[in-house]
Amino acid sequence: FYQRSGVFLLKKDESKLEELYQLALQRRDESPLIGKLAILDQESASKLFPGLKGFERLLYASGGARVEGAELTATLIDASGFEKVEGLVILSPLDNGTYEINGQTFDKVILACGAWLGQTLAPLGFEVDVRPQKGQLRDYFFEGLDTGKLPVLMPEGELDVIPFAGGKISVGASHENDQGFDLTVDETVLASLEEEAKTYFPDLSTSKSFSERVGTRAYTSDFSPFFGEVPELEGVFVASGLGSSGLTTGPLIGKNLVDLVMNRSGSLDSADYPVAQYVKKKD
C-alpha cells in the first residue's frame, strides 16, 4: 500500500520553485525521507514520467510516496488483532466514570470518527468545530503502461495525478465544502478535474476504463487538526480535522493517541493540537 516513487511539485509561478527548493533542503535535515531534491526541466521530468506537458520546470523530491488508503487501513486493522465491528455507535457515560458503547463497558474510549465527531458528541452536550468536505476522484486504467514507478504529480491547487501499480492512475481529488455528507458522483466536477489533468498528462485520454471514488474529509474552521482528551469528559480521547492529510498523519496521530491512553510519552505533544479549541460544552 506504500510506494516511494518520488513526487513532482508544480507552481503556477515557477519563479517560486527556488524558494520551495530551499525550504525543502532545510526540512530534509530533520526529515531525510524527503530524499534527493532537484529542479527539473520538462525534458528531464519526462524521463521519469513520460508524456508530461504544461510546464517548463518543476521540483522533484525522490522520497515522495503514494499510499493506497483502503489497503493501508485494512492492514492496520488486521495488525491490531482486534475484531472490527461496523455499525452505529452510541456513547453513554455511566455513574462510575466508565462508558457504555452498544452494550459493552469501557474505562477509556478513542473517538476517531472523522467528520462525524459532532454527531457522536452532540447527545452529550458538546459542540464540535468540524465540518465535512466532499472529495471525489477518478481511477483510470491503462493497458500496457508501467505505472508502478511513476512519480506523483502535484500541481498547485486541488489536482493530484497519482500513479499506482498495474496500470492505474488516480486523478483528484475535489475539495467541496458545501455538499455535506453527500456521496453522489458528480460528473461535472470529475470532468473538470480530468480536463485540468490532461493539460499535464494528455495521454489520460487513452485509458481503457475508469471508476469513481467519493469520500468525506473532516476539517476545522482554521484547517488545523486536533487530538487528545475531551475537556469535561475524562477518559474519552478524540482526533479529527486531519483533512486531506489524513492518510499521512493519521497513523502517527493514532499512535500518539494510544500513548496518551496508556500514559506513555509520545512523539507529539497534544497541547500543540488542543481539543478544547474545537470541542466545547454547550452553555
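Q: Why does Glu 212 count as partly exposed?
A: Glu 212 has a relative accessibility of 27%. Buried means under 20% relative accessible area, exposed over 50%, and partly exposed in between (1.4 Å probe, protein chains only). Glu 212 therefore counts as partly exposed.

Q: What kind of model is this, and how are residues numbered?
A: This is a predicted model, in which local features need pLDDT of at least 70 and side-chain atom pairs count only at pLDDT 80 or more, while totals for chains, interfaces and linings use all residues. Residues are numbered from 1 along each chain as its sequence is written, and side-chain values use heavy atoms, with hydrogens and water left out.

Q: How many helices and strands does the protein have, and what makes a run of residues one of them?
A: The protein has 6 helices and 18 strands. Both are DSSP runs, numbered from the N terminus: a helix is H or I with at least four residues, a strand is E with at least two. The C-alpha trace spans about 70 × 40 × 40 Å along its principal axes, and 37% of the 283 residues count as buried.

Q: What makes the contact of Arg 138 with Glu 212 a salt bridge?
A: The two side chains meet at 2.8 Å, N to O. A salt bridge is a side-chain nitrogen of Lys or Arg within 4 Å of a carboxyl oxygen of Asp or Glu, so the pair qualifies. Arg 138 is in strand β11 and Glu 212 in strand β15, 74 residues apart, and the pair links distant parts of the chain.

Q: Which residues are joined with these two into one network?
A: Salt bridges that share partners join Arg 138, Glu 187, Glu 194, Glu 195, Lys 198 and Glu 212 into one network. A search of the whole structure finds 12 salt bridges.

Q: How do you know that Glu 187 and Glu 194 are also partners of Arg 138?
A: The side chains of Glu 187 and Arg 138 meet at 2.7 Å, N to O. This pair connects helix α5 with strand β11 (residues 131-141), 49 residues apart. For Arg 138 and Glu 194 the distance is 3.3 Å, N to O. Because Arg 138 lies in strand β11 and Glu 194 in helix α5, that pair ties together parts 56 residues apart in sequence.

Q: Are Arg 138 and Glu 187 buried or exposed, or in between?
A: Arg 138 has 4% relative accessibility and so counts as buried. Glu 187, at 45%, counts as partly exposed. Glu 194 is buried, as is Arg 138.

Q: Why is Phe 223 called exposed?
A: Its relative accessible area is 53%, so Phe 223 falls in the exposed class. Phe 223 also has a positive phi, near 65°, in a residue other than glycine. Its place is in the loop between β15 (209-219) and β16.

Q: What makes Asn 263 exposed?
A: Asn 263 has 68% relative accessibility and therefore counts as exposed. Asn 263 lies in the loop between α6 and β18, and its phi is near 60°, a positive value in a residue other than glycine.

Q: How do you know that the span of α3 is close to the expected one?
A: Helix α3 (residues 69-80) has 12 residues and reaches 17 Å from its first C-alpha to its last, against 16 Å expected. The expected span is 1.5 Å times one less than the number of residues. Just after α3, Gly 81 takes a positive phi of about 80°.

Q: What makes β9 and β16 edge strands?
A: The open sheet of 3 strands has the order β9-β17-β16, with mixed pairing. β9 (109-111) and β16 (226-229) each pair on one side only. Two strands pair if DSSP finds at least two bridges between them. β16 and β17 (residues 236-240) run antiparallel and are joined by 4 bridges, so they meet that condition. In this pairing, Phe 226 stands opposite Ser 240.

Q: Where is the cis peptide bond, and what is its omega?
A: The bond from Gly 172 to Ala 173 is cis, with omega near -10°. Ala 173 is in the loop between β14 (168-172) and α5 (187-200).
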